[in-house]
Amino acid sequence: MHLRLWHRLFLAFAALSVLALAGFAAWQQHAFRSGFMGYLEDVSIERLQPATTRLSDAYLENGGWQFLRDDPRRFGDLIELRDARRRDRARDDPPSPPDDRRDPRVDDRGPDIFRGPRRGPPPGPPDLMHRLALLDATGIQVAGNPTVAAASDVRDLAIELDGQTIGTLRLERMPQIRDALDLGFAQAQTRSALLAGLAVLVGAFLLAFALARWLLAPVRELADGTRALAAGDYAHRIPTARSDELGVLAADFNHLATSLEKHRDARRQWGADIAHELRTPLSVLRGEVQALQDGVRAPTPRAFDSLNTECERLGSLIEDLYQLALADAGALEYRFESVDLSELVQDAIDLQRAACMDARLAIEEQIATVAPVRGDVRRLAQLFDNLIANARRYTDTPGRIRIELATDVGGARVIIEDTPPGVPPADLAHLFDRLFRVDASRSRAAGGAGLGLAICRAIVDAHGGSIGVEPSPLGGLRVVVRVPFAAAGPT
């Protein structure tokens, strides 16, 4: 079965919850048992504290530990005060008749639990007594369990008299929980932990399911949006209420959809504009040719000049489109070398000077000597020729065109500005768009198809420079071009 992403995420969360809970339960049980054993040890030590005092008093009364070596049964009496309890019971109960069948080897103090058999219940908690041993000041066993005396995993309680250690009461640690009451308590704790763990696990599963669905909700929306984009619905958008990475991804998707929508609209407009630009010269050519064919217009040199003008306009448009297509594909050829920009700008001015004089436009030039720039001579010459021709074509006569070359930070700055008419501020940002023209002042009658500035921007971008437009103090348009130096030059 094919698992979806949210299924896998849910299973991953569930597995992580199970492992975490199992690890916690194992640690908790281990900690509980260790802590419980420590608790029992502490209880045993607390119970034995009064016994150290009684052993010290007995040591002082008998002048040493020999009395316990002679009669080890008294060790249990001193630990649990069995003689005192027997005296209390004898005072409360009537005396029993003598029994001749009584084993003479057993006296009133009970059997020696380490030297022979005993009858009746053991004196005191046998677990505690079997884990005890008494050592003298030199470490030699006096009474108790010999195994405990030689054991290493023990806890020692010092028996002191007048500030001097006269012996050690040694308690062997409990190896495991063995008492029925203790085992029952431990099992009850285990059952409670299992029930709590089961409840937590169910809650974790429900939370993992909800979390997986919630986390992947934007992913499902992205999948739906991708399918919508593939179907051509570029208006589809995804909510971006989240601020995490998925929210950023949704915002990026919306930006992509917006860009695709703009590109689609631009492509449609581009196709319509190209068809319109090509239709105009073709219509003129068709009309004049038909007029010549019908005899409406005589085949005079003027008529052929008109036909040639339209053919040149059509050829110029096709060449501009070709240049832009090459620029978009990155196929425009560039041969970068060190270029003297002062000489290049001056050549472009001289090339346009005669046409400007015919149009009654004065050229003002201020060409400074700047460091060489890195560029392609042919493309840069095309750039400045287009810009000066554009200023000449769209400046009212009489007028002025001012050209300035100066040093800028890290490169050279070329400024070309003209007198009115200017460009409305709202249209400045669109001047580099393809086939864009300000119809009120830059009409098709002046020539050009609105591709010159787009080609200029492509050339400047290829040189790593920048180009911008702004209103000119002369009343027209101001174009600023910046081209970086070939090497570190003056600033």
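A salt bridge is a side-chain nitrogen of Lys or Arg within 4 Å of a carboxyl oxygen of Asp or Glu. In this predicted model, begin by selecting D408 and R413, whose side chains form such a bridge with an N-to-O distance of 3.6 Å. D408 has a relative accessibility of 15% and therefore counts as buried. A search of the whole structure returns 15 salt bridges.

Next, select R478 and E470, which form a salt bridge whose closest N and O atoms are 2.8 Å apart. R478 is buried, at 18% relative accessible area, whereas E470 is partly exposed, at 35%.

Proceed to R69 and D136, a salt bridge in which the closest N and O atoms lie 3.0 Å apart. R69 belongs to helix α2 (residues 66–70) and D136 to strand β1 (residues 132–136), so the pair ties together parts 67 residues apart in sequence. R69 is partly exposed at 27% relative accessibility, while D136 is buried at 13%.

The largest nonpolar core comprises 40 residues, and L341, L383, F384, L387 and V481 have the most contacts inside it. Among the elements giving two or more residues to this core are α11 (341–358), α12 (377–393), β8 (399–408) and β11 (477–484). Centre the view on L341: leaving aside residues up to four places away in sequence, L341 touches V370, V373, L380, F384, L405, A412 and V414. Finally, select I45, L55, F67 and V142, which are included in a second, separate core of 23 residues.

Technical notes
Residues are numbered from 1 along each chain as its sequence is written. This is a predicted model: local features need pLDDT of at least 70, side-chain atom pairs count only at pLDDT 80 or more; totals for chains, interfaces and linings use all residues. Side-chain values use heavy atoms; hydrogens and water are left out. A nonpolar core is a set of buried Ala, Val, Leu, Ile, Met, Phe, Trp, Tyr and Cys residues joined through side-chain atoms within 4.5 Å. Buried means under 20% relative accessible area, exposed over 50%, partly exposed in between (1.4 Å probe, protein chains only). Helices (H or I, at least four residues) and strands (E, at least two) are DSSP runs, numbered from the N terminus. Contact means heavy atoms within 4.5 Å.
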